[in-house]
Structures are given as C-alpha cells and as structure tokens.
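Subject: Structure handover

Hello,

Here is the structure for you to look over. My notes follow it.

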Amino acid sequence: MPGLVSVKTPPRIIISDDNHSQSSQIRPTPERSDSINPKITSPAQRRPPSPSPSSSRAKPSPDRGSGKKKSPEKQSLLDESSLDNPDLGPFLLKLARDTIASGDGPSKALDYALRASKSFERCAVEGEPSLDLAMCLHVVAAIYCSLGRFEEAIPVLDRAIKVPEISRGADHALAAFSGYMQLGDTHSMLGQLDRSIECYKEGLKIQMEALGDTDPRVAETCRYLAEAHVQAMQFDEADTLCKRTLEIHRVHSAPASLEEAADRRLMALICEAKGDYESALEHLVLASMAMIANGQDNEVAAIDLSIGNIYLSLSRFDEAVFSYQKALTVFKSSKGDNHPSVASVFVRLADLYYKTGKLRESRSYCENALRIYAKPVPGTTPEDIASGMTEISAIYESFNEPEEALKLLQKSMKLLEDKPGQQSTIAGVEARMGVMFYMVGRYEEARGAFESAVAKLRASGERKSAFFGVVLNQMGLACVQLFKIDEAAELFEEAREILEQECGPCHQDTLGVYSNLAATYDALGRVDDAIEILEYVLKLREEKLGTANPDFDDEKKRLAELLKEAGRSRTKKAKSLENLIDPNSKRTKKETSSKKWSAFGFRN
C-alpha cells in the first residue's frame, strides 16, 4: 500500500547550518508542489521534484513512426476533438514533464498540462473519480506556481482535492492528501497563513485515517504543521504537534537519530519563543549530541550558534561567547571566511558585545558581517542577507543611529521585494522601518510603513497575533503625531482587543495601549470613556501589579484631572493628549512635557 507523505520543500522554519539565530529562523522559503509519490525522504535529502509526478505514465505517441519534426499527427493534438483519445492525456502530461526537464520553459509545459487535464476529464468514466485527472491538476497548479501565478493555482487545487474519494482506498487518500498539502503551500506563498494551516490540518487528518496515528510519515506531517504554527506565532499548537512528533520518532527511530535531532531543534525554537530558555537549552544539547553521533559537524556548529543565543538570553555571556566561537571555527574551516554562516556568527557576537558594554567590539563585528553581505559567495540567498542586515539594523538602532538602521532596513526590503512567500517577513521589516521613521520624527513615512505592514499581516492571517497588536498601537501613535485622532482611536481599540486576548490585561503592552486609548478618548471629548479606562488601569495596578511603577502616579494624576473636568465645557487641548504629542512636532507650537516611549511606542 502506498504511503501518504508530503514531498514538499524543507519547512518554512529552516533549522540549518546557515541560520542567523533562533529568532531569525522563522522565515518562508520558496514552496514546491506536492506530487503523488509514496517515497519518504528526510529533510536533508529532499530535492525539488519535477512539476510533473514521476508516476506519470507514457502511452505510445500518436505520431510514432514519423520522421518529421512536426508531424500532422502531433499537430492534430491541438484539435479539440482529439482530446477524446484516452491515450492523449498521458502523452500530453509526459510532454509537459519533458518540456520542463529540457528547459524549454513553463509556458509551453502549462499548455500541454492544461490540454492533458481536459483530455483526462473527457475520458473519465461517468461516476468514477479519475486519479489521473487529480494528478494532472496537481501538475498544472505546480506550473502556475513556477510562473508566480499563485492565485490561478488555487482554484485548480480546489478542484483537484474534490476528485478523489477517500473511501475508495489508499490511492485516493494519497491524492487527497497531496492536494491539500500542495494547496496549503500555495496559500502560504500568498501569505495566507490561516488558510495554509487549515489545509495542512485536513491533509494530516486524511493521512492519520489512512496510516494510523503513530506512522513515521504522520510524524513528518505533524512537524511540518508545527512549523507552520510557529510561523504564525501559534506556539501552543506548535508545542503539542512537536511533542507528538517526538513521541512517534522515539518509537520508530533509533536513539539519537537525525529525526529526533530535527524535532528537538524545533522544540527548542518553540520553547525559546515561549520564554522557557532552560527547556530550549536542554533540547538543543540533546540535538547536538545526536548530530555528533551522526558526524554532522556543520549541524553541530549551527546548534552551537543556537545554544549561544539561549545563553545570551539568560545573560550567561561567557558561555555564549564560547558557543559562538566554537560555531565560528567550524564554519570558517568548512565554508570559508566569507560565507554567510560566518557573518551570522559575527552578528550574534556584535549583539553580545553591545549588551556587555563593549561597543567598539560590537561595531567591529557589525562591519565584518556587512563586508561579507556586500560580496556574498555564490549560493547565498537574498533571504539570508536580508535577515542578517535586519539584525544588524537593530544593533545600530541600539547605537542610537536610526538613520544607519533605516538604510539597512531599506536594503533588506529591496532584497525581499517580489520574493514569493515573504509577505510576513517584509511586514516585519516595514514595521521596524516605521519605528525608525517615528524615532527621527518622520511621522508621515512612519504611518505609511506601518500601514503597509498592517495590510500584509492582515492578509497573512496574523491579525490575531500579539505582534500585530503592537504594530497597530505604533501606527496609532504615528497618527496622533499627524493629528489624525479618529484614526488613532480606531487603531488603539483594535490593538486593545488583540492584546487583551493574546497577552492578558496585566501585560505591559496591553497597559500601554490602555493608556494611549484613554488619552485619545480625552482628545476626542469622550471624557467618560477615558475615565473608565484609567480607573480600570489603576485598579489593575493596585490589585495585581503594585503601585511602584512610575506610570501609576502619572495615570492617577491624569484621572484626577479628568474627573475634575468632567461635565464642564472643554476649551483647551486635552492634557492627556499632550502626553502623546511629540514636543518637537512641527505642528506643536509650544513646548510640552512628553514621556519617553519605547521602540514600539509603549510607555515605560
């Protein structure tokens, strides 16, 4: 019985030897289509498959025996009537595959594949689902994707997954599974993470029904889905799936296997994202031991880099330096001094030395990394360079050099533009650019950058993530500086709803949005609403957070002023709004006191 296995690209969360850091590992990769293929391969062995499944069968050519380059028989394939020939569909599908293999271009292959699908449809027995048609539609969708026409691939795949009848056996289940996984990949390339995850879930459900809950191929799909959840910042769901993957591999794989190592590296990423650094460190150490046992030196170095990141998060700086230097030595000897893997270690060392107050060393490592990115070795991907430059920009931001940070972010954007599947990454860069514009007082540009980021995050399904709430809040602040108070209020309201759900009312980010929203309501004359919010915030601080935070006194004073003014005609600018308006704004005529804001716009 053929198995159900996705033969897609290595997952979007790349855990390889050229990662910059655990936090930078969440990035989309170019998607490949699933084909109907029961063979299992490990992530390291996977190679891009032909857009046409290898299982396509070749029937005798209609123009056999002809010595001409373009025989009349082959020309007749273009006639609609010839599509009724049951031998034509397999032949055209083989032509499509051969056209791709010969490098003639996907457009001609697409024409062959579309005609093949019509032929399969015409020749299908009434009432009998045609797996040949489903397979052909998978190929058509794959060619559309190779042309960058992802929107056109989706209806083709929607049609393909309706062809098989799972109750008819393993072949039909395999076709349905492959269709759902390919459809999920295509949605992911469009940045539609929610839809992508739903497709992967359907594929996993079909696979589990056909193979059982503990089949090793189920573990592969569980890990793939877990990685998609991490990309969508849904870490609890990813945690559950990754634990299931570990359990399956523990049963079917030898101790310290490569499969277990991959699972543990993903588990470490999830634990780090959730702030459980000790557990992340434990998983990484076990993964390193497995890689050492299998002689994977470069992978061991990549894990050492991740271990260094955890030590840095725990402020165990000496141990972090030791781990980084181990990784650096291996990367230099195996890949060369100018490889992006070496640059990634330089970036991490630059961050570490900044945090330990060694600014000269930090700047030197930044410059060394940038020299490598300026002249990348062959094979370096634009995504790797963009990721490294984004990290370096954060360090320059810490140096209080926002203009230099902006230049690096703009270079990153240029590298990522027009790259399919990079919407979420680009949105993150745009949000960072918005912060930089805000810091230097370029509020119109800041609002534009945040607006573009918000649009991409909405489209990608991240509209319920805490990060999305943070970006909405910052965009609201930019609107305040531009005196677009109504728009700011709407943004703060949406940010409040998201952050209450994702972080809880007592989280510092949520409290910051409460404060911003109260000030905005005050400016709009909605004094009662502003009073209600401030009373709620003070109650939270008194009952759950304590009153030692300096914001407590400020909020208490603001509430007293609002209560005093309540019910009276307001003839002057709301004092609460003055806490948000930048005193250096060109539209503010007199000096006003303003509290310092963090990089994301929340009040300290």
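Contact here means heavy atoms within 4.5 Å. Helices (H or I, at least four residues) and strands (E, at least two) are DSSP runs, numbered from the N terminus. Buried means under 20% relative accessible area, exposed over 50%, and partly exposed in between (1.4 Å probe, protein chains only).

This is a predicted model: local features need pLDDT of at least 70, side-chain atom pairs count only at pLDDT 80 or more, and totals for chains, interfaces and linings use all residues. Residues are numbered from 1 along each chain as its sequence is written, and side-chain values use heavy atoms, with hydrogens and water left out.

Helix α13

Start with α13, residues 317-335. Its 19 residues reach 26 Å from first C-alpha to last. That is close to the 27 Å expected at 1.5 Å a residue; the expected span is 1.5 Å times one less than the number of residues.

Which residues of α13 are buried? They are A320, V321, S323, Y324, A327, L328 and F331. Seen down the axis of α13, the buried residues fall within an arc of 165°, so they line one face of the helix. The arc is that of the directions from the helix axis to the C-beta atoms. An α-helix has 3.6 residues a turn, so residues three or four places apart point the same way.

What do the buried residues of α13 pack against? Their partners are α12 and α14 (340-355). The face of α13 turned away from its buried side carries the exposed residues D318, F322, T329 and S333. Just after α13, G336 takes a positive phi of about 105°.

Helix α12

Helix α12 covers residues 297-313. Its 17 residues should span 24 Å at 1.5 Å a residue, and its end C-alpha atoms are 25 Å apart, which agrees. α12 is mostly covered, with 14 of its 17 residues buried. S315 follows α12 and has a positive phi, near 60°.

The core

A nonpolar core is a set of buried Ala, Val, Leu, Ile, Met, Phe, Trp, Tyr and Cys residues joined through side-chain atoms within 4.5 Å. The largest one has 164 residues. Those with the most contacts inside it are Y324, V345, Y373, I392 and Y396. Helix α4 (residues 131-146) gives the most to this core, with 11 residues.

V345 touches L305, Y324, A327, L328 and F331, not counting residues up to four places away in sequence.

Salt bridges

A salt bridge is a side-chain nitrogen of Lys or Arg within 4 Å of a carboxyl oxygen of Asp or Glu. How many does the structure hold? There are 30.

R149 and E152 pair at 2.6 Å, N to O. R149 is partly exposed, at 31% relative accessible area. E152 is partly exposed too, at 36%.

E494 and R458 pair at 2.8 Å, N to O. This pair links distant parts of the chain: E494 sits in helix α21 (residues 485-502) and R458 in helix α19 (residues 443-459), 36 residues apart. E494 is partly exposed at 24%, and R458 at 34%.

R526 and E493 pair at 3.8 Å, N to O. R526 lies in the loop between α22 (508-523) and α23 (527-545), with E493 in helix α21, 33 residues apart.

Finally, D236, D239, K243 and K274 are linked in a network of salt bridges.

Best wishes
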